[in-house]
Amino acid sequence: MPNQSGHTRVTQLDGLRGIAALVVVACHLLSVLPGIGKVVSEDRAAPLSAAADWAVFSPLHLLWNGTPAVHVFFVLSGFVLILPFTKAGPRRSWAPYYAKRLLRLYLPAWASLAVAAALIIMIPRTESPLQSIWADMFVVDPTLGRVAKDSLLLLGASTVNTPLWTLRWEIAFSLLLPLYVFVALRWRRFWHLKLGAVLALAVTGAVLNADWLIYLPIFAIGAILGVERDRIRDLTRRWPRLVWLPVTAAGLLLANAEWISRGEPVPGVEALITVGSTLLVLVFLLTSPAKKLGDTAAAQWLGKISFSLYLVHLPVILACVTLLRSVSLPLALAVAAVASFGAAELFYRFVEQPAHRVSIAAGRALERRARRDAPADSPAIPRPAGTVPTPAGREYAGASSR
């Protein structure tokens with residue numbers, strides 16, 4: 001279905017983004033439980049009930065493992081943001097892109113930070129033996145200095161609204177997009193070697209524990225896949241369906257590599273998670289069963305509100321737990337889950353959508369100015385090899401991006 005910019009959306013990737021956001025919410029809900037929270041935040045050898053042990057140290061953990069979900073977000077962002085640059089058309093100015101992208105990210109992030117600070121002021125977070133030590137880590141005073149630093153996004157995030165930490169890398173990628181476009185669109189014949197080189201960087205970052213080398217290459221993987229999507233589709237079109245079963249299994253196993261045993265994860269495990277997450281994105285992109293899952297009404301709704309859900313869910317969870325844990329922690333978590341989805345829907349309607357409209361208006365204003373200032377003989381951007389227009393003249397495009 002066409003989006004506002006005239007592109008054809010890969011709707012199942014919207015659904016995948018929504019599923020990933022749901023996994024992050026589940027991760028934070030379960031981490032409030034005392035036993036599980038201690039294991040995931042401090043001591044992998046801490047005793048657990050039989051049910052909790054299965055939840056943590058079995059494939060079930062993938063249902064609430066937030067790390068691969070974040071890697072999926074980053075792959076999808078790289079995939080989506082590269083797509084407009086695979087089209088032929090008049091030479092583009094970068095100013096409209098930066099205006100749209102940065103407003104699209106900063107305005108909702110600032111609003112979520114304000115929501116988080118307001119909730120802490122109204123319902124101060126406190127430590128308690130009724131919740132996990134993981135939940136205790138989020139006890140914080142939302143001082144003006146702390147909130148101001150968090151609002152920059154590029155300096156990371158405090159525990160006022162911790163999920164904002166990922167926006168540091170989204171912003172960095174967005175600012176560096178010209179470099180990603182250059183790499184993704186050059187040397188097209190060697191796309192597989194480029195993927196290998198980018199993955200090698202991710203492995204190096206994981207071994208050295210260098211965050212910028214762990215996360216920024218993930219966006220490059222998504223960008224290369226976005227440019228080469230038709231080539232990859234052609235290569236896999238004749239694969240028997242059974243081939244996708246081991247591919248999917250490998251993706252699930254590698255995405256959950258950090259939690260396959262009680263032992264400490266091996267150095268470089270983040271790179272395995274990146275590979276697993278990338279395989280899962282390809283499964284959703286290229287296989288009919290995953291497409292059907294991503295296109296379900298529930299997944300599409302989650303995809304629509306995914307950014308809002310990601311931004312507001314943790315402050316809502318912690319507020320509900322603080323209010324209700326003395327009554328019943330399971331009740332507090334149930335209320336927190338419902339409240340998170342309700343808050344996300346409201347945030348989407350009254351914050352994210354208006355912010356999106358503002359970003360589009362700002363971008364269009366700069367585009368009009370750029371057209372007025374452009375010389376009449378401005379050359380067109382050539383269509384990269386392998387790019388196929390749709391019958392309506394629109395390019396094959398991806399899921400909406402944060």
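## Contact between H5 and H9

In this predicted model, helix H5 meets helix H9 through Trp94, Tyr97 and Tyr98 on the H5 side and Leu177, Pro178 and Val181 on the H9 side. By class, the residues of this contact are 6 nonpolar, with no polar and no charged ones.

The axes of H5 and H9 lie 12 Å apart, and the two helices pack at an angle of about 120°.

## The buried side of H9

H9 spans residues 177–185, and its buried residues are Leu177, Tyr180, Val181 and Ala184. These residues cover an arc of only 100° around the axis, which puts them on the same side of H9. An α-helix has 3.6 residues a turn, so positions three or four places apart point the same way.

Several helices pack against the buried residues of H9: H4 (66–82), H5 (94–122), H8 (165–175), H10 (191–208) and H11 (211–227). After H9 comes Trp187, with a positive phi near 55°.

## The buried side of H7

Helix H7 covers residues 144–151, and Val147, Asp150 and Ser151 are its buried residues. Their arc around the axis is only 100°, and they therefore sit on the same side of H7. H5 is included in what covers the buried residues of H7, and H5 also packs against the buried residues of H9.

Leu153 follows H7 and has a positive phi, near 70°.

## Glu345 in H17

Glu345 is located in helix H17, which runs over residues 329–373. Its relative accessibility is 13%, so Glu345 counts as buried, the cut-off being under 20%.

Which residues is Glu345 in contact with, leaving aside its neighbours within four places in sequence? They are Trp301, Lys304 and Ile305.

## Cysteines

Cys27 has a relative accessibility of 16% and therefore counts as buried. Cys320, at 12% relative accessibility, counts as buried as well. How many disulfides does a search of the whole structure find? The search finds 0 disulfides.

Definitions and conventions: Residues are numbered from 1 along each chain as its sequence is written. This is a predicted model: local features need pLDDT of at least 70, side-chain atom pairs count only at pLDDT 80 or more; totals for chains, interfaces and linings use all residues. Side-chain values use heavy atoms; hydrogens and water are left out. Buried means under 20% relative accessible area, exposed over 50%, partly exposed in between (1.4 Å probe, protein chains only). Helices (H or I, at least four residues) and strands (E, at least two) are DSSP runs, numbered from the N terminus. The arc is that of the directions from the helix axis to the C-beta atoms. Contact means heavy atoms within 4.5 Å. Axes are lines fitted to C-alpha atoms, for helices over the stretch in contact, and angles run from 0 to 180 degrees between N-to-C directions. Ala, Val, Leu, Ile, Met, Phe, Trp, Tyr, Cys and Pro count as nonpolar, Asp, Glu, Lys and Arg as charged, and the others, Gly among them, as polar. A disulfide is a pair of cysteine sulfur atoms within 2.5 Å.
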